[in-house]
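Reader: I would like to go through this model with you. Could we begin once it is on display?
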Amino acid sequence: MLELSYKSYLDKVHGGWIGKCIGGAIGALQENNKSLMDYTMDNVFPQKIPPNDDLDLQVLYLQEVLERKGSRFTAADIAEAFTKYNLCLANEYSVAIKNMELGIEPPLSGSFNNHFFNHSMGCPIRSEIWGFISPGNPEVAAHYAYMDGIVDHEGESVYGEQFYASLEAESFFENDIITLIGHGLKYVPHETELYGCIHFVMDLHERGIEWIAARGKLVRRFGSSDASYSVINIGITIMALLYGEGDFTKTMLTAVNSGYDTDCTAATAGAILGVILGAGQIPDFWLDKIGEDVVIGTVDIQRYSDKMIDLAKDTCSAGLSLSRDGVTSVMFTDVPADVKPSLPLPISDQPMEITVRYEGLPSIGYGEKKTVEFTVFNHSDEDQICTMTVEPPETLLSSRKEIELRISGKTPFCFSVDFEVKHDLPALPQRNIIVAKITKAGKTMVEKSFGLSGAARMKLIGPFWDNYDTTQFESDPYDGKMPHTLHAMFNGFVNLDKPYINESFADLDQLEGEYVNFHEDKMTPDTFIQYKGPCCIYLVHEIVCPEDRDDVHLLIGNEAPYKVWINEELVIEGRDCAMWMPYNDSAVIKLKSGINRVIMKLLRIGKTADFSYLLRSEKSKMHMFVDLESMVTSTADQPFVMAL
């Protein structure tokens with residue numbers, strides 16, 4: 001069994017948190033600047049230390065997950081704290097919170113409806129707490145990191161958090177960066193882009209290519225216009241550690257000057273080097289600049305102490321608890337008499353457990369059937385004869401509501417239940433919570449709640465296209481004969497300013513169209529349009545607002561030109577062809593009490609035309625209202641009306 005003196009453990013954890021705070025502070029000013037920069041020790045530090053979610057969320061996990069739940073917490077425990085206390089609602093954080101409000105738990109909370117930020121830096125930056133409480137036990141750190149990462153990410157980002165956490169766990173006993181990288185790579189699948197990126201950086205360093213040239217090669221090979229993309233940022237952190245050669249100042253400046261998500265890259269590099277060096281070996285310049293206090297402002301918690309040393313002591317007490325509970329195999333020596341494990345002792349598991357697996361997306365729309373597979377686990381040593389009830393909300397019908405369970409030994413019991421929207425339902429909310437409960441002799445043994453997101457139903461009108469360029473000609477220049485150009489023969493035209501339908505929308509309800517379900521905010525109309533080439537479609541979506549609102553933020557993601565009307569008033573348009581991301585354009589709009597009609601005119605110029613519109617209110621912390629409802633009727637040719 002590994003041995004680690006408490007004095008060394010505390011010094012290294014303290015150094016890790018100091019390094020984390022330093023890196024977060026110096027990277028904050030230039031965060032998301034993808035350029036090569038030239039900051040020096042004279043100008044890299046901000047005048048005021050800002051709070052940083054990179055650190056704050058880990059303090060949250062220490063205080064509200066570890067210290068309350070103990071060492072055998074679950075991903076659901078992390079998700080609960082993340083949803084309840086997180087004040088930083090950007091990007092993937094808000095997507096995950098919305099999903100969990102809808103009853104969609106990890107791992108789907110990190111993937112469903114999270115098309116742009118699913119591989120971002122939000123979870124790799126939270127790795128330190130798992131490594132710091134698991135010194136010398138990388139497999140434990142990686143396991144905890146996985147449970148954390150799937151709350152709001154998937155794939156490359158989750159592997160990145162596991163990579164960092166396992167590396168950081170090993171750094172209490174190993175000082176060589178290359179050796180540590182090798183340990184961390186054990187938790188990164190070989191086929192991933194992240195695995196290739198880390199090896200690419202290591203090869204550049206081994207070949208002696210100076211860091212600025214190496215940075216250029218790294219960006220050309222793994223760069224992205226998304227400054228938060230995890231692969232390029234983890235590559236920059238590894239580059240800073242390798243080229244920093246154990247020098248704290250050189251490492252910090254290399255990370256910051258390489259650009260991209262600089263508060264993340266510098267913070268993780270600082271944390272790793274801080275553990276290796278220990279607090280006592282971090283240069284005085286940096287210690288004087290960062291001070292002794294932890295600045296917290298992106299999570300809604302109160303600490304008994306703002307001192308960094310107290311955060312380090314609390315982290316070490318959590319680490320002692322994991323050793324006590326047999327979670328880690330490390331023996332702490334010379335522990336002072338007044339230092340005790342701080343986490344509650346593990347409690348016995350429930351005798352029964354219910355898990356759910358969705359067939360496809362965790363979403364349901366009008367006219368669809370959604371199959372959910374239940375697995376019931378018997379954790380006791382006794383055979384169980386009990387009853388499980390499935391209670392759908394008033395909005396849904398289920399194929400089975402009561403199931404008799406006879407579970408021998410610890411063999412799991414699996415069965416499926418089909419759900420569908422009630423045909424005569426007046427409104428389908430976006431949140432549809434289903435409750436599964438196991439009872440025995442009238443006593444509840446276990447209860448499980450989960451959700452199905454209600455799809456948005458829209459009327460699709462079109463497609464429309466032009467045989468000639470209507471932006472240049474008022475009438476057909478070919479006079480109905482063969483086009484003069486190969487472009488016109490074999491391509492096509494479309495015009496944002498041409499009204500392909502009456503854009504006063506007086507006769508909108510009488511126009512022929514197809515009603516389609518969109519299960520996620522990102523819409524791909526190509527799924528429903530078989531026509532190939534440039535074209536225009538209109539989407540009609542009706543939403544119900546309980547009251548007049550003038551604080552609604554409309555957020556647009558687009559790949560091609562578009563126009564959006566709210567209640568027949570043009571509120572926003574875009575004429576550029578862009579890379580789709582959720583926040584390309586925005587406007588503040590008004591919604592009236594009752595039914596509001598959203599009409600979207602979408603052009604497709606290239607091969608695709610991905611589009612999204614999100615509604616966000618000052619009253620809501622979600623990136624889109626979670627209490628949306630959609631009106632449905634018994635006929636399939638009627639639209640949903642979503643109620644805010």
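Reader: Where is F490 found?
Author: F490 is in helix α16, residues 486-490; helices are DSSP runs of H or I with at least four residues, and strands are runs of E with at least two, numbered from the N terminus. This is a predicted model, in which local features need pLDDT of at least 70, side-chain atom pairs count only at pLDDT 80 or more, and totals for chains, interfaces and linings use all residues. Residues are numbered from 1 along each chain as its sequence is written, and side-chain values use heavy atoms, without hydrogens and water.

Reader: Is F490 buried or exposed?
Author: F490 counts as exposed because its relative accessibility is 66% (buried is under 20%, exposed over 50%, partly exposed in between, with a 1.4 Å probe and protein chains only).

Reader: Changing topic, how do α9 and α11 cross?
Author: The axes of α9 (residues 193-206) and α11 (residues 230-244) come within 9 Å and cross at roughly 25°; axes are lines fitted to C-alpha atoms over the stretch in contact, with angles from 0 to 180 degrees between N-to-C directions. Therefore α9 is roughly parallel to α11 (angles under 35 degrees count as roughly parallel, over 145 as roughly antiparallel, 65 to 115 as roughly perpendicular and the rest as oblique).

Reader: Which peptide bonds are cis?
Author: The bond from P106 to P107 is cis, with omega near 5°, and P107 lies in the loop between α4 (91-101) and α5 (128-132). G462 and P463 are also joined by a cis peptide bond, with omega about 10°; P463 belongs to strand β13, residues 456-464.

Reader: And what about the phi of Y260?
Author: Y260 is not a glycine, yet its phi is positive, about 70°. With 3% relative accessibility, Y260 counts as buried.
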